[in-house]
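Trainee: Before we look at anything in detail, could you walk me through how a model of this kind is read, starting from the whole chain and ending with single side chains?

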Amino acid sequence: MEETPLSHHKRLAYCTTRLQYRQGRELKAVKVYTVASESRHILIFGVPKVNLHSEIKNKLQQFGKLRSFSCVTSEMAGRIELEAFTDVYAAQFERLEHARRAKRQLDAKQFFGGILHISYAPERENSQELREKLLQRRKEITQRLQRNRSEQSH
């Protein structure tokens, strides 16, 4: 499969070959995220095109403070095939944890008759945001290592 710049936004098929004890309660698409591919920027696909701007924004604000929120349907239409009669929204959260939680909670969920697809949008980050994200990850790892070392010494 040839990798296109926006191919990571396509919905993956659910994994049906996992062992029963690893399957979980609901089927999931197996995908690995690296530090660089996670982002505070997310794209929300599959929002029905019936003027739901404020409803989807309110839904996202339940997960954390938004820095920006806009409809990007016309921008994305020329770059990727979109589902008919749906809008695409771009949101940027204050914190990465909020974006993670929003993606986990809303992906593949019904919303006003449509099925939402949430994907990270690291291509919307600037170099400063990427630098901050990598520094934050480095701090988190250092804290975990220190905590594990102190637990082992006790």
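**From chain to side chain**

Mentor: Buried residues make up 34% of the 154 residues in this chain, which is a predicted model. The chain exposes about 10600 Å², and carbon and sulfur atoms supply 50% of that area.

Trainee: Which pattern do the helices and strands follow along the sequence?

Mentor: The chain has five helices and six strands, and read along the sequence they follow the pattern α-β-α-β-α-β-α-β-β-β-α. Among contacts between residues at least 6 apart in sequence, 71% join residues at least 24 apart.

Trainee: Why does Lys 103 count as buried, and what does its side chain reach?

Mentor: Lys 103 counts as buried because its relative accessibility is 10%, and the cut-off for that class is under 20%. The side chain of Lys 103 reaches the backbone oxygen of Ile 118 at 2.9 Å.

Trainee: How many aromatic pairs does a search of the whole structure find, and how is such a pair described?

Mentor: A pair of aromatic rings is described by the distance of the centres and the angle of the planes. The search finds two aromatic pairs. One of them is formed by Phe 69 and Tyr 89, which are stacked, with 5.2 Å centre to centre and 5° between the planes. Phe 69 lies in strand E2 (residues 66-71) and Tyr 89 in strand E3, so the pair ties together parts that are 20 residues apart in sequence. Both Phe 69 and Tyr 89 are buried. Phe 111 and Phe 112 have ring centres 4.9 Å apart and planes at 75°, so this pair is edge-to-face.

Trainee: Are Phe 111 and Phe 112 buried or exposed?

Mentor: Phe 111 is buried, with a relative accessible area of 7%, whereas Phe 112 counts as exposed at 53% relative accessibility.

Technical notes: Residues numbered from 1 in each chain as written. Predicted model: local features only at pLDDT ≥ 70, side-chain atom pairs only at ≥ 80, totals over all residues. Heavy atoms only, no water. Helix = DSSP H or I, 4+ residues; strand = E, 2+ residues; numbered from the N terminus. Buried < 20%, exposed > 50% of the residue type's maximum accessible area, 1.4 Å probe, protein only. Contact = heavy atoms within 4.5 Å. Areas by Shrake-Rupley, 256 points an atom, 1.4 Å probe, with all protein chains shown as cover. Polar contact = N/O pair within 3.5 Å; in protein donor to acceptor, adjacent residues only side chain to side chain. Phe/Tyr/Trp six-rings, centres within 6.5 Å; stacked < 30°, edge-to-face > 60°.
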